[in-house]
Structures are given as C-alpha cells and as structure tokens.
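Visitor: I would like to learn how to read the local features of a structure. Could we take them one by one?

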Amino acid sequence: LKLRNEAVELIEERVVQLNRWGHDVQAPILAWFGDPGLLKRSAHLNEMRGYLAQGLKSAASVLRGLQPTNFVRWSPSALVHVGCGADPSPANEGVMAQVCKPDARTRTIAIKRGFCELRETNRVFGTNQFRLIESKLTVVLHEVFHFEDVFNSQDHWYGIDLSLKSTNEATLGSARENTDSLVGFVMGAQR
C-alpha cells in the first residue's frame, strides 16, 4: 500500500503538470509517445493531453481503492474467479504480475514470485528522479494501467527502457497504448 500511495502521488504530479501545460510535461509526452513532426506536433500534444488526463484520473481512483485483498499470489487459476483464464505458462520469466483487464469489480492483481525479488522503487536515492529499470512500483502502475476502464493498455514493448528506445514517428499509435510508455511518462524516468 506504500507503493500504491507513491503511485498516486506521482500521478497527481503529472495531472498538475497537464493542467499547467508547460514545457515540463510537453517534452516528456514527445519523448514517451513520439513526435510526429512540426506540422502535427500541436495536435498530437493536445490529443495526448486529454488522453493522459482521463486515464490518469481513472488510474488514481483505482489505486486509491486498492487494499491488501486486491493482491493475490499468482497461480494458473488465480484470475479464473474474476472471469479470466490465467496465463497457463508460468515459464514467462519476465512477467511479474497479471490482471484481468475487464475486472472492474475486484481489481485483482496476481503477483508472481519475481515481483518479491524486485527493488521497491527505481527512484534515484534522495532525488525525484527515476531510472529506466523495473521495480515493484513500476509493476503496480503497469498492472493498473491494463484495466479496461483506466488505459486498457497493451504490451507492445516490455520494460520502460525498451519503450523509450522504441518510440519514434512510426510507432505513435503503439507508444500511446504501450503500458511501459505510460509508466515511464508518469515516473518521468530518465536515462
């Protein structure tokens, strides 16, 4: 729940920036979601502003509602009770947690063993900066962003570092809906 609270604080900071609409939020939008070029940049930024504001508002609401009972140990049947079949192959080592995207009732987040081995946060000690690495905090944000009534995000690229590297003019649509691009933007992660 400490991570939940930190995630809400980060989201609230980004919402304040979106409301002010200065360079401090426009530049990260272009970095994380692509720059379509000078002639289309303004329209892209304005579209992303609305999209992000709506999704972040939903994410903050969902996060505030999470309690310890929302987190369960992953198993092949962990998400069946909320209407989804779980990934039957626990061999996918890179996946740290899983949700059922349409699960607006229970908001169950199934945690895999690797989650427990991650560092709590990717924050640079003593600063407000975040590194481009996975942490428990990034996983919590990642899973909440998957819910259909939040961002209904996809995993085009796993990892915030790869997501940033993969963002260019040709990937605008994919970057917009990519879960770890959204996570990197919220965290303001930097190289």
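Guide: Start with a loop: Asn152 sits in the one between α5 and α6. Helices (H or I, at least four residues) and strands (E, at least two) are DSSP runs, numbered from the N terminus. This is a predicted model, in which local features need pLDDT of at least 70, side-chain atom pairs count only at pLDDT 80 or more, and totals for chains, interfaces and linings use all residues. Residues are numbered from 1 along each chain as its sequence is written, and side-chain values use heavy atoms, with hydrogens and water left out.

Visitor: Is Trp21 buried or exposed?

Guide: Buried means under 20% relative accessible area, exposed over 50%, and partly exposed in between (1.4 Å probe, protein chains only). Trp21 has 18% and is therefore buried. Asn152 has 32%, so Asn152 is partly exposed. Ser153 counts as buried because its relative accessibility is 1%.

Visitor: Where is Ser153, and which residues does Ser153 touch?

Guide: Ser153 belongs to the loop between α5 (136-146) and α6 (160-165). A contact means heavy atoms within 4.5 Å. Leaving out residues up to four places away in sequence, Ser153 touches Lys101, Phe145, His146, Glu177, Thr179 and Leu182.

Visitor: Which residues of helix α2 are buried?

Guide: In α2 (residues 23-33), they are Val25, Ile29, Leu30, Trp32 and Phe33. Their cover includes α1 (2-20), α3 (38-65), α6, α7 (172-177) and α8 (179-187).

Visitor: At what angle do α3 and α8 pack?

Guide: Axes are lines fitted to C-alpha atoms, for helices over the stretch in contact, and angles run from 0 to 180 degrees between N-to-C directions. For α3 and α8 the angle is about 85°, and the axes are 13 Å apart. That makes α3 roughly perpendicular to α8; angles under 35 degrees count as roughly parallel, over 145 as roughly antiparallel, 65 to 115 as roughly perpendicular and the rest as oblique. Tyr51, Leu52 and Leu56 of α3 meet Leu182, Phe185 and Val186 of α8. The residues of this contact divide into six nonpolar, no polar and no charged. Here Ala, Val, Leu, Ile, Met, Phe, Trp, Tyr, Cys and Pro count as nonpolar, Asp, Glu, Lys and Arg as charged, and the others, Gly among them, as polar.

Visitor: What does Met187 touch?

Guide: Met187 is in helix α8 and, with a relative accessible area of 1%, is buried. Not counting residues up to four places away in sequence, Met187 touches Leu10, Arg14, Asn122, Phe130, Leu137, Thr138 and Leu141. Met187 and Leu137 are 50 residues apart in sequence, and their C-alpha atoms are 9.6 Å apart in space.

Visitor: In what order do the strands of the sheet lie?

Guide: Two strands pair if DSSP finds at least two bridges between them. Three strands form an open sheet in the order β1-β3-β2, with mixed pairing. β1 and β2 stand at the edges, each with a single partner strand, so one side of each has no neighbour in the sheet. On average, neighbouring strands of this sheet are turned by 30° against each other, direction ignored. Three bridges pair β1 and β3 in the parallel sense, and Arg73 has Ile111 in β3 as its bridge partner. α5 packs on the sheet and touches β2 and β3, its direction making about 20° with that of β2.

Visitor: How many disulfides does a search of the whole structure find?

Guide: A disulfide is a pair of cysteine sulfur atoms within 2.5 Å, and the search finds one. This disulfide joins Cys84 to Cys100, with an S to S distance of 1.8 Å. The link is right-handed, with 55° about the S-S bond. Cys84 lies in the loop between β1 (71-73) and β2 (97-99) and Cys100 in the loop between β2 and β3 (109-111), so the pair ties together parts that are 16 residues apart in sequence. Cys84 counts as buried at 19% relative accessibility, and Cys100 counts as buried at 2%. Cys116 is exposed, with a relative accessible area of 56%.
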